[in-house]
Amino acid sequence: MILVTGGAGFIGANFVLDWLATQQEPVVNVDKLTYAGNVENLASVHGDARHVFVQADIGDSAVMDVLLARHQPRAVINFAAESHVDRSIHGPEDFIQTNVVGTFRLLEAVRGYWSRLQGNAKSDFRFLHVSTDEVYGTLSPSDPAFTEENNYEPNSPYSASKAASDHLVRAWHHTYGLPVLTTNCSNNYGPLHFPEKLIPLVIVNALAGKPLPVYGDGMQVRDWLYVRDHCSAIRRVLEAGKLGDTYNVGGWNEQANIDIVKTVCALLDELRPRADGKGYAEQITYVADRPGHDRRYAIDARKLERELGWKPAETFDTGIRKTVQWYLDHPQWVANVQSGAYRDWVQKQYTATAE
Ligand code: NAD
Ligand code: DAU
């Protein structure tokens with residue numbers, strides 16, 4: 001049994017679906033179901049006895065104590081977080097509560113559980129913390145990509161809260177010996193991505209005939225990785241990562257935002273042409289820049305490849321085509337997210353309580 005937090009969100013749900021498709025081992029999926037949590041993402045495993053969904057907050061120590069004692073997981077994988085940089089700028093409080101306080105409380109609950117384990121159950125236990133490349137700050141065009149040796153220099157409330165959580169995880173290893181692993185990944189894209197983030201927002205807005213907002217000059221660079229490659233990296237680190245180490249995860253795929261937007265527009269032109277015969281790129285609209293906007297992220301993922309033999313399976317060309325096609329094939333998922341109907345799924349499909 002493994003326990004996953006945040007498994008109704010974008011990456012967590014992809015991870016749970018991939019896990020259940022490839023392993024027999026059951027998953028307890030603990031998610032608070034904030035606006036970003038969507039149990040419709042888990043519809044295909046509804047009724048699968050290997051998937052136990054529980055609606056709970058990682059910061060609720062009493063509930064986490066009960067869940068850990070009841071399910072006796074051999075590993076906890078912590079995806080749960082507030083994840084959207086723009087929201088962190090407009091309202092940082094939730095980011096501190098979940099990403100910092102929540103991670104602290106989860107670490108304490110896990111430490112209590114782990115300290116009572118015996119023998120192999122104790123030595124084999126793992127706490128894997130899923131983090132971001134944004135903790136390293138920003139790069140100039142000539143800087144080398146981030147390695148695990150880079151200093152932490154977070155610039156947004158989101159990245160500062162994730163950096164704080166990474167430091168807590170590190171400290172729980174060094175001080176208490178908790179067997180932890182941390183991954184720092186670049187920008188993910190793929191199915192189930194909430195359409196507040198750049199790629200799904202552009203797809204959804206394009207199809208709706210709305211403006212495609214590009215912040216500032218659109219020349220900020222991100223390093224994109226298909227979500228299922230992130231999931232395979234996490235599985236590999238869980239399997240063979242060195243205790244206390246951090247692993248950068250990335251796709252060697254740096255692109256300027258404006259190029260990403262133009263690529264998505266070109267794919268839509270091919271797969272779902274506009275009725276008026278014009279290109280979707282006509283909808284691109286330059287808007288005010290994000291405050292404190294990091295200029296460039298780039299991940300050096302050589303440690304993960306060298307030590308654990310991990311490589312991404314998708315190129316950007318294959319991954320982005322699959323992604324655009326997925327959104328075209330799932331208009332109801334998009335409509336439910338936009339109307340808020342996805343929230344009804346809790347009542348319809350799950351008994352989502354901790355007890
Ligand atoms: P997301 O916002 O799509 O999902 C987050 C999930 O966590 C949601 O289901 C939400 O309901 C749940 N959650 C939030 N607060 C919670 C709480 N207090 N207790 C329990 N559950 C809670 O995020 P995502 O994009 O899937 O990111 C998952 C993790 O990966 C995050 O830790 C994020 O920092 C990290 N990450 C994301 C990316 C990316 O590109 N999306 C890249 C690197 C790292
Ligand atoms: O780098 C990893 C991080 O990637 C994760 O830790 C975060 O959880 C995840 O949200 C993502 O952060 P970004 O801020 O890079 O992602 P976002 O999709 O919000 O923005 C990508 C880039 O596109 C960024 O430079 C801002 C820009 N942008 C974004 C939106 C939503 C636009 O130009 N227009 C937009 O409308």
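In this predicted model, Glu 108 has a relative accessibility of 29% and therefore counts as partly exposed, since that class lies between the limits of 20% for buried and 50% for exposed. Arg 111, with a relative accessible area of 24%, is partly exposed as well. Glu 108 and Arg 111 form a salt bridge in which the closest N and O atoms are 2.9 Å apart, and because they stand three residues apart in helix 4, which covers residues 93-115, about one helical turn separates them. Side chains of opposite charge can pair in this way when their charged atoms come close.

The count of salt bridges in the model comes to 19. Another of them joins Lys 32 to Asp 57, with 3.4 Å between the closest N and O atoms. Here Lys 32 belongs to the loop between strand 2 (27-31) and strand 3 (51-55), while Asp 57 belongs to the loop between strand 3 and helix 2 (61-71), so that the pair ties together parts lying 25 residues apart in sequence. Lys 32 is partly exposed at 41% relative accessibility, and Asp 57 is partly exposed at 26%.

A further salt bridge is formed by Asp 245 and Lys 303, whose closest N and O atoms are 3.0 Å apart. This pair links distant parts of the chain, 58 residues apart, with Asp 245 in the loop between helix 8 (227-240) and strand 10 (246-249) and Lys 303 in helix 10, residues 302-308. Both Asp 245 and Lys 303 are buried. Elsewhere, salt bridges that share partners join Asp 18, Arg 228 and Arg 235 into one network.

Turning to the strands, one finds an open sheet of three, in the order 7-9-11 and with mixed pairing. Strand 7 (187-189) and strand 11 (254-256) stand at the edges with a single partner strand each, so one side of each is left without a neighbour in the sheet. Neighbouring strands of this sheet are turned against each other by 50° on average, direction ignored. Strand 9, residues 221-226, runs antiparallel to strand 11 and is joined to it by three bridges, and Arg 222 stands opposite Gln 255 of strand 11.

Finally, the second largest pocket holds about 440 Å³ of space. Of its 17 lining residues, Glu 148, Tyr 152, Arg 170, Gly 244 and Thr 246 lie nearest its centre. Helix 6 (157-176) and strand 6 (180-185) each supply at least two residues of this lining, and helix 6 provides the largest share, five residues.

Terms used
Residues numbered from 1 in each chain as written. Chains lettered and ligands numbered in written order. Predicted model: local features only at pLDDT ≥ 70, side-chain atom pairs only at ≥ 80, totals over all residues. Heavy atoms only, no water. 1 Å grid on protein atoms, 1.4 Å probe; cavity = no way out; pocket = protein on both sides within 12 Å on 5 of 7 lines; lining within 4 Å. Points joined across faces, edges and corners; volume = space filled by probe spheres on them. Helix = DSSP H or I, 4+ residues; strand = E, 2+ residues; numbered from the N terminus. Pairing = 2+ DSSP bridges. Axes fitted to C-alpha atoms, helices over the stretch in contact; angles between N-to-C directions. Salt bridge = Lys/Arg side-chain N within 4 Å of Asp/Glu carboxyl O. Buried < 20%, exposed > 50% of the residue type's maximum accessible area, 1.4 Å probe, protein only.
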